[in-house]
Amino acid sequence: MSEALKLVPKAEAKQSMKDFKSDQEVRWCPGCGDYAVLAAVQGFMPELGVAKENIVFVSGIGCSSRFPYYMNTYGMHSIHGRAPAIATGLATSRRDLSVWVVTGDGDALSIGGNHLIHALRRNVNLKILLFNNRIYGLTKGQYSPTSEVGKITKSTPMGSLDAPFNPVSLALGAEASFVARTIDSDRKHLTEVLRQAADHPGTALVEIYQNCNIYNDNAFEALKDRDQAQEAVIRLEHGRPIRFGAEGSKGVVRDPATGDLKAVTVTPDNEDDVLVHDAHMASPAVAFALSRLADADTLHRTPVGVFRDTDRPVYDTDMAGQLVWAIGQKGEGDLASLLAGGETWTVVA
């Protein structure tokens, strides 16, 4: 268990999935991938052993941001793109809470882009679940920051001209200490990634490929179809060779000519060249290279799993240390004197 979680009081009684289901009617479109994620999170929460009164879900705006209503924990449906900022204030001031952010590709990567990257670089003790369906669902089907080039939507009738974000690459570029990707329909994998994210001290970002069956149906079909997924999904496991395909027939190696990573058919001649995944490397360089294997148009080579899980100073822990030091040097502060001190004036009606 991480040092951060040790500060959160343990539940006095054993909890079940039922304890984390609220009395609110779940209002997503029938068939939406959000249902699968909600069920996985509700089923996972008892594993934390944390009382539901010490868990908080903060969301922004979007379909995914209904999430706090459906969790029988504390929560806040906040404002567009600002969930990481609000959650940062909560996590730094209340270290006895387990704070989770639920956001979408539009909410997090468009208006919320700055708030997301600064939470990641600060390494605040937050767990961020980024639902990525590559479309704006709540506002009825406009292209989003992760939509592929050429995407025809109501707001791009001739096809999107924007180059899409790769959320994993973006997070790694912001020096995130934990970055992972999973898929809404893979309950076992999703739960395992959540487990590792929860145990990580600092910010953990989990990108969840999530299907919008109304405005962008089957966007990730290549990764879900049993036949296609075997060749398309690269499962990252720390300490294991990065192999995929039927019976591990393919692997990821470094191209000696360019230094980039590429997928090859594994033979006795190149088997020793297959990379062994190391999620704990101090440098994010290899993790970033792995993130670039995913093709936004075809998804024919898409790594899932934990890309990076490394130790960095945790913002709220360091901030608490500064406050302890300051109090030891100068004593307890006086907020009233601070507010009334210095240059003040009285307004006369």
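Me: Which strand does Thr302 lie in?
Reply: Keep in mind that this is a predicted model. In it, Thr302 belongs to the strand covering residues 302–309. That strand is S11.

Me: Is Thr302 buried or exposed, and what is its relative accessible area?
Reply: Leaving aside neighbours within four places in sequence, Thr302 is in contact with Arg181, Tyr209, Leu223, Ala232, Val233, Ile234 and Ala294. Buried means under 20% relative accessible area. Thr302 falls under that cut-off, so it counts as buried, and its value is 0%.

Me: What about Glu247: buried, partly exposed or exposed?
Reply: Glu247 sits in the loop between strand S8 (243–244) and strand S9 (250–254). It isn't a glycine, yet its phi is positive, at about 55°. Exposed means over 50% relative accessible area. Glu247 has 84%, so it is exposed.

Me: And where does Asn218 lie?
Reply: Asn218 is another residue other than glycine with a positive phi, near 65°. Its relative accessible area is 45%, which makes it partly exposed. As for its place in the chain, Asn218 is in the loop between strand S6 (204–209) and helix H9 (221–224).

Me: How do the axes of helices H2 and H8 cross: roughly parallel, roughly perpendicular or oblique?
Reply: H2 spans residues 34–48 and H8 spans residues 187–198, and their axes come within 10 Å. They cross at roughly 45°.

Me: How many residues in the contact of H2 with H8 are nonpolar?
Reply: H2 passes H8 in a right-handed crossing. On the H2 side, the contact includes Val37, Phe44 and Leu48, while H8 brings in residues including Leu190 and Leu194. Of the residues in this contact, two are polar and three are charged, while the nonpolar ones number nine.

Me: How many residues are in the largest nonpolar core?
Reply: In soluble globular proteins, nonpolar side chains tend to be buried together. Here, Leu116, Leu120, Leu126, Leu205, Val252 and Leu290 touch the most other members of the largest core. Leaving aside neighbours within four places in sequence, Leu290 is in contact with Leu236, Ile242, Val252, Leu261, His277, Pro303 and Phe307. The size of that largest core is 35 residues.

Note on methods: Residues numbered from 1 in each chain as written. Predicted model: local features only at pLDDT ≥ 70, side-chain atom pairs only at ≥ 80, totals over all residues. Heavy atoms only, no water. Axes fitted to C-alpha atoms, helices over the stretch in contact; angles between N-to-C directions. Helix = DSSP H or I, 4+ residues; strand = E, 2+ residues; numbered from the N terminus. Left-handed = near helix turned anticlockwise from the far one by under 90°. Contact = heavy atoms within 4.5 Å. Nonpolar A, V, L, I, M, F, W, Y, C, P; charged D, E, K, R; others polar. Core = buried A, V, L, I, M, F, W, Y, C linked by side-chain atoms within 4.5 Å. Buried < 20%, exposed > 50% of the residue type's maximum accessible area, 1.4 Å probe, protein only.
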